[in-house]
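Subject: Structure handover

Hello,

Here is the structure we spoke about, with my notes below it. Please read them with the coordinates open.

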Amino acid sequence: MTTSRRKFIKISALGLGGVAATTSALNMFGANSYLDTLVKENVAKTFKRTPTYCEVCFWKCAAWTYTDEEGAIKKIIGNENDPHCYGRLCPRGTGGVGMYNDDDRLKTPLIRTTVNGEQTFREASWEEALDLIALKFKNIKETYGPEAFALIKHGAPGAHLEHLFKAYGSDTIAEPAYAQCRGPRETGFALTFGSWVGSPEPTDIRDTKCLVLIGSHIGENMHNSQVQEMSDAIDNGATIITVDPRFSTAASKSKFWLPIKPATDIALMLAWMNVLIEEDIYDKEYIAKYANGFNELKEHVSQFTPEWAYGITGIKPNEIRETARTMANAAPSVIIHPGRHVVWYGDDSQRARTMAMLNALLGSWGRRGGFYFKESIKVPKFPHPPYHHPKWGWKEIGEKYPLAQMGITTEVLKAAIPSEDNKYPVKAMMVAGTNITKSIPNKKLLEEAIEALEFMVVIDTMPMDVTGYADVVLPECTYLERYDGIRSATNREPSIAVRVPAVEPKYDSKPVWWMAKQIGERLGLGEYFNYNDFKEVIDWQLKQMGSSLEEMEKIGVKNFTRKSGPLYINEDETYVFPTISGKIELYSQELKDLGFDAMPNYTKHPEPPQGFYRLNYGRAPMHTFSRTANNPNLNDLKKENDLWVNPKVARILGIKTGQAVWLRNQDDVISSFSIKVRVTERVRWDSVYMVHGFGHKEKRLTRAFGKGINDTELISKVAIDPIMGGTGMRGNFVEIITKNPHKNIEI
Amino acid sequence: MRYAMVIDTLKCVGCSDCVVACQTENDVPVGYCRDWITETVNGAYPSIELELKSERCNHCDNAPCVRCCPTGASHQLDNGIVLVTGDECIGCGACIESCPYDARYQHPDGYVDKCTFCHHRLEKGQLPACVSVCPTKCMYFGDLDNPNSEVSQLLKNRKYKTLAPEAGTKPQVYYLI
């Protein structure tokens with residue numbers, strides 16, 4: 001074997017020094033006059049405000065960036081007319097200033113080079129970096145066809161690059177947001193109701209009487225409008241039922257917390273369906289009018305009694321009955337929340353289907369306080385020549401998984417590993433806005449794939465771990481420094497929001513729309529980028545929609561009236577569901593025809609062997625995945641993750657809160673760094689828990705480097721969902737090591 | 001006029017947005033804070049209680065920090081807000097020691113700093129930054145002397161507590177429980 005060409009590079013010193021320190025606190029004393037009436041108003045008179053929508057997570061809340069007289073960014077405040085945030089950002093949105101201020105940002109393009117036999121990066125001009133990338137695009141196309149160049153993306157930059165890739169002739173595009181996150185629920189709900197859940201989820205939490213969370217930890221995930229609506233629901237006296245082996249924040253707000261044994265959720269939900277049907281408390285009218293396959297379902301779930309589920313889930317039969325009755329009493333204003341990160345055990349689209357079917361029995365889809373019919377407004381396409389038709393793309397790469405509706409990132413990576421039966425060889429890759437070292441399980445696969453690539457480009461604002469594998473790194477400017485595509489949101493009412501730069505890009509960073517255009521022009525695809533500045537595109541689109549950039553710069557968000565019909569099912573009419581039959585599919589002929597269970601079944605999943613604990617992971621409200629760990633403001637709130645350990649376990653192992661430990665998983669993978677123990681009653685004795693997104697290995701992330709454990713590196717065992725290719729990641733078991741396993745080993 | 005803050009612990013998720021909003025609004029240097037989140041867990045699995053809450057200066061009616069300040073830099077306004085005049089503060093730290101809530105810190109510029117209830121915003125008719133951003137809307141602010149104010153009504157109709165009442169400081173940040 002040849003020496004590794006793509007050895008991970010810890011990015012070497014870059015140009016440009018730090019930014020000016022924060023100014024000292026204002027002293028505004030002396031004044032004694034206060035207004036009696038407090039008016040809610042965000043405008044600070046001396047500040048200029050520029051509209052944007054947030055890019056710290058995928059919720060894309062519209063906001064105002066406030067700059068002072070010197071043009072320095074002071075704060076970011078939510079846009080009051082935005083249905084994603086109702087004028088209130090979450091800590092990450094408020095802390096978005098840190099993304100701009102972070103001294104560790106990528107500052108110039110970087111090109112991999114070898115100095116004295118050592119691989120390193122050297123600073124390069126945009127001209128040189130873009131020329132090199134364009135040359136590689138040409139070479140790949142000539143040698144293998146354009147399909148061999150893959151794009152892995154996340155967030156707003158993805159759209160510009162998707163356009164570039166399609167113009168170039170490649171549809172080999174995927175994002176971890178699908179098969180590593182919410183894919184299964186889209187498949188499960190589409191199979192049942194005919195439509196995706198989508199983002200934001202059309203959950204009518206504001207008006208619900210009963211919110212059921214199954215492993216979903218709203219409040220720790222700061223999906224802004226949902227957190228806000230959950231708070232409203234608490235005010236309105238709604239009942240919250242949380243099913244979670246961990247006592248989550250949401251569990252603490254719940255009337256019922258069901259501390260379920262991990263990996264048994266389907267059994268609980270089958271028992272709930274059993275109770276609803278056996279006790280005749282399901283929505284009979286709704287089911288008779290709208291559902292197919294009720295009799296099959298009744299027959300199917302008759303065996304799944306609460307007593308049966310008790311033995312599996314550990315939830316007492318009376319609790320199962322009581323919670324089912326609570327849901328029925330609230331119906332149809334009840335929500336079995338579809339969740340978001342739902343790739344757990346490999347039977348995830350079936351679990352999502354169980355959730356969808358429960359919603360159906362409760363009559364909540366298309367009902368007030370259940371799920372509303374979302375609507376968005378179409379943003380007209382800026383004119384460009386038609387795209388080429390690639391010979392193969394994400395669909396073919398994922399063809400093993402019949403109901404995959406988007407590219408499966410792990411399958412695209414597998415396609416990069418040369419083998420005789422690989423029909424779709426991926427040879428080059430661009431990764432933008434996603435740190436795949438922390439979003440893709442099975443590090444071995446990732447490294448093998450990257451090693452085999454002929455060329456890899458990474459675009460990011462930060463020197464994330466993934467940049468260390470690149471041949472060329474391009475520094476993207478932050479969302480506060482650029483124009484971007486119009487955010488068209490699906491909500492109760494359609495709305496749009498714009499992103500306008502509040503400041504010039506710092507350092508030598510650039511917006512991705514500019515990079516895409518530069519590469520496109522070098523490839524002779526200039527007619528696909530028929531503008532000098534992306535704001536021309538936005539202005540043209542807005543004018544087609546009856547607005548303009550000038551107007552949007554003043555208001556930031558524009559709301560439109562609904563055109564698709566009422567928010568809920570009109571009870572006087574018969575709604576036609578967008579399924580093949582026009583009805584809710586309780587029994588799925590489609591799944592049956594594909595060789596899968598037409599109705600969900602409980603499957604027993606592996607359990608941790610003695611001395612091992614199930615590795616569970618989740619979110620902290622002040623961080624987004626791994627991308628915010630180095631943000632100075634957000635790092636200040638939470639610098640590292642900790643390992644939640646039940647006191648019983650802590651006693652057995654003799655470990656204490658604050659003690660540093662390492663983890664080894666069932667495949668002998670040892671964590672790169674240590675993690676501090678947090679002994680807490682909030683976690684079960686058979687599992688441990690940590691917040692995802694820490695344990696960065698890139699030294700140039702000066703705040704985040706070496707802090708905590710990267711849960712993803714311990715996820716070497718993946719249970720693939722045969723229906724849509726999702727990568728189940730909750731079946732990994734770890735043991736706790738108290739002595740440094742890396743002693744005398746350089747890491 | 002008696003300004004007070006009321007925080008609903010039944011709604012707070014402990015996200016720390018109040019902390020960041022305060023930092024950006026008041027130019028609090030990274031690494032310092034005027035408000036913070038506490039988490040209290042009681043009970044044993046699976047009978048557990050969790051309380052999350054946002055804490056800050058309690059703008060006490062009987063403020064030990066004001067009484068112990070040798071220069072008068074720590075002072076209280078008629079509306080109850082306790083402030084520190086930066087250029088009168090000698091940074092002796094007596095107030096930091098006297099505060100039962102650990103609400104004060106020494107700013108890198110030498111003076112003692114803490115929550116001001118964002119009184120510069122109140123002048124403009126705006127709510128304190130933390131209250132205005134909170135995604136759970138668990139924080140309320142207003143005048144306790146006005147019986148019809150939201151804060152007065154909440155304290156009239158809901159169960160509440162204050163922090164360290166035994167210290168006798170008469171704190172003016174109330175927690176709904």
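**Parallel sheet in chain A**

Val212(A) has Ile336(A) as its bridge partner in E12(A). Before going further, note that this is a predicted model. The pair belongs to the contact between strand E8 (residues 210–214) of chain A and E12(A), where three bridges join two strands that run parallel. Both strands are part of an open sheet of four strands in chain A, ordered E10-E9-E8-E12 and paired in parallel. The edges are taken by strand E10 (256–258) and strand E12 (334–336) of chain A; each has a single partner strand, so one side of each is left without a neighbour in the sheet. From one strand to the next the twist averages 10°.

The loop between E12 and H13 of chain A holds Trp344(A). Is Trp344(A) buried or exposed? Trp344(A) has 24 C-beta neighbours inside 10 Å and therefore counts as buried. Leaving aside neighbours within four places in sequence, Trp344(A) is in contact with Gly728(A) and Arg730(A). Met729(A) is 385 residues from Trp344(A) in sequence, yet their C-alpha atoms are 5.1 Å apart in space.

Just after H13(A) comes Gly363(A), with a positive phi of about 65°.

**Two domains of chain A**

Chain A is divided into domain 1 (182–373 + 575–593) and domain 2 (613–737). Their C-alpha centres lie 28 Å apart. In the contact between them, 21 residues of domain 1 of chain A meet 23 residues of domain 2 of chain A. On the domain 1 side, the elements that give two or more residues are helix H5 (176–193) and helix H13 (348–361) of chain A. Which of the elements gives the most to that side? It is H5(A), with three residues. By class, the domain 1 side divides into 10 nonpolar, seven polar and four charged residues.

One residue to look at separately is Pro606(A), placed in the loop between helix H20 (589–593) and strand E20 (613–618) of chain A. Pro606(A) counts as partly exposed because it has 14 C-beta neighbours inside 10 Å. Arg678(A) is 72 residues from Pro606(A) in sequence and 26 Å from it in space, C-alpha to C-alpha.

**Antiparallel sheet in chain A**

Chain A also has an open sheet of three strands in the order E1-E2-E3, with antiparallel pairing. E1 and E3 of chain A stand at the edges with a single partner strand each, so one side of each has no neighbour in the sheet. Here the twist averages 30° from one strand to the next.

Strand E1 (residues 48–53) of chain A is joined to E2(A) by six bridges. Within that pairing, Thr50(A) stands opposite Thr65(A), and Pro51(A) stands opposite Trp64(A). In a regular strand, side chains alternate between the two faces of the sheet. On its other pairing, E2(A) is linked to strand E3 (residues 73–78) of chain A over five bridges, again in the antiparallel sense. There Thr67(A) has Ile73(A) as its bridge partner in E3(A). The hairpin of E2(A) and E3(A) has five residues between the strands, and Gly71(A) in that hairpin takes a positive phi near 85°. Strand E2 (residues 62–67) of chain A is mostly covered, with five of its six residues buried.

**Contact between chains A and B**

How many residues does each chain put into the contact? Chain B gives 54 and chain A gives 51. On the side of chain B, at least two residues each come from helix H1 (17–25), strand E2 (36–44), strand E3 (47–55), helix H4 (119–122), helix H5 (129–133) and strand E8 (139–143) of chain B. H1(B) gives the most to that side, with seven residues. The chain B side has 26 nonpolar, 17 polar and 11 charged residues.

Regards

Terms used. Residues numbered from 1 in each chain as written. Chains lettered and ligands numbered in written order. Predicted model: local features only at pLDDT ≥ 70, side-chain atom pairs only at ≥ 80, totals over all residues. Domains from an automatic or database assignment. Contact = placed C-beta atoms within 7 Å. Nonpolar A, V, L, I, M, F, W, Y, C, P; charged D, E, K, R; others polar. Pairing = 2+ DSSP bridges. Axes fitted to C-alpha atoms, helices over the stretch in contact; angles between N-to-C directions. Buried ≥ 20, exposed ≤ 12 C-beta atoms within 10 Å, placed from the backbone.
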